[in-house]
Amino acid sequence: MTTLEFSYSLNNLSSSLKPFAMKLTRDIDDANDLLQDTMVKAFTNRDKFAEGTNLKAWLYTIMKNTFITNYQKMVRRGTFVDTTDNLHYINSSNIQIENGVFGNLAIDDIYESIEKLDDVFKTPFLMHYRGFKYHEIAEKLQIPIGTVKNRIHIARKQLKEDLMVYKHKN
């Protein structure tokens with residue numbers, strides 16, 4: 001197959017690869033990038049394509065492998081190199097240093113703010129916080145589901161306002 005024929009075949013198959021790229025990436029821009037990467041790799045490796053085999057299947061394989069490689073690179077980006085003498089590879093997302101005193105103060109303030117809520121708002125909010133679904137809260141409290149959602153929304157809004165006041169004090 002000549003370069004011109006190969007290029008023509010790639011161009012014809014590109015539209016059928018787009019849905020697969022969208023399925024893999026779930027984002028239009030990422031899908032376009034993946035499609036372009038696939039076409040570039042296919043064209044630069046055209047000498048590895050065995051004439052008489054399924055070009056479309058070959059392109060799907062290139063796309064899938066490119067997606068997997070890109071995903072693995074993205075995961076590795078979370079790792080950085082420590083340039084100290086011992087040269088360890090450290091995954092930064094697992095390393096956290098917290099001061100428990102400030103964390104406990106914040107939790108105490110949150111609980112204090114929750115306690116300040118009227119029971120009409122506090123009860124559905126705490127039930128939702130503990131994992132109850134809206135319809136379960138509505139059944140248990142014998143109120144409409146819209147009322148449950150509204151009361152939880154109001155509770156969140158009041159908590160946010162109360163905690164913002166605390167934040168600005170300190």
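These are my notebook entries on a few places I looked up in this predicted model.

**Ground rules**

I number residues from 1 along each chain as its sequence is written. Because this is a predicted model, I took local features only at pLDDT of at least 70 and side-chain atom pairs only at pLDDT 80 or more, while totals for chains, interfaces and linings use all residues, and side-chain values use heavy atoms, with hydrogens and water left out.

**Confidence**

I started with pLDDT, the predictor's confidence in each residue, from 0 to 100. The protein chain averages 82, and 79% of the residues score at least 70. Where is confidence lowest in the protein chain, and where is it highest? I found the lowest mean, 51, in strand β2 (residues 89-91), and the highest, 92, in α6.

**Helices α5 and α6**

Next I looked at a helix pair. Two packed helices are described by the angle between their axes and the distance between the axes. For α5 (residues 119-129) and α6 (residues 134-141), the axes come within 10 Å and cross at roughly 140 degrees. The axes are lines fitted to C-alpha atoms, for helices over the stretch in contact, with angles from 0 to 180 degrees between N-to-C directions. I therefore wrote down α5 and α6 as oblique to each other (under 35 degrees is roughly parallel, over 145 roughly antiparallel, 65 to 115 roughly perpendicular, and the rest oblique).

Which residues make the contact? I listed Thr123, Pro124, Met127 and His128 from α5, and Tyr134, Ile137, Lys140 and Leu141 from α6; contact means heavy atoms within 4.5 Å. By class, I noted five nonpolar, two polar and one charged residues there. In this scheme Ala, Val, Leu, Ile, Met, Phe, Trp, Tyr, Cys and Pro are nonpolar, Asp, Glu, Lys and Arg are charged, and the others, Gly among them, are polar.

Is Leu159 buried or exposed? Leu159, in helix α7 (residues 145-169), is buried at a relative accessible area of 9% (buried is under 20%, exposed over 50%, partly exposed in between, with a 1.4 Å probe and protein chains only). Not counting residues up to four places away in sequence, Leu159 touches Ser113, Ile114, Leu117 and Phe125. I also checked Glu112: its C-alpha is 9.8 Å from that of Leu159, although 47 residues separate them in sequence.

Lys122 sits in helix α5 and is buried too, with 12% relative accessibility. Beyond its neighbours within four places in sequence, Lys122 contacts Ile114, Glu115 and Leu117.

**Ser16**

Ser16 belongs to helix α1 (residues 3-25) and is partly exposed at 23%. Setting aside neighbours within four places in sequence, I found Ser16 in contact with Lys56 and Tyr60. Tyr60 is 44 residues from Ser16 along the chain, with 9.7 Å between their C-alpha atoms.

**Two positive phi angles**

Last, I looked at two loop residues. Arg26, in the loop between α1 and α2 (28-44), has a positive phi of about 60 degrees although it is not a glycine. Arg26 is exposed, at 73% relative accessibility. Gln142, in the loop between α6 and α7, also has a positive phi without being glycine, near 55 degrees. Gln142 is exposed at 72%.

Notes: Helix = DSSP H or I, 4+ residues; strand = E, 2+ residues; numbered from the N terminus.
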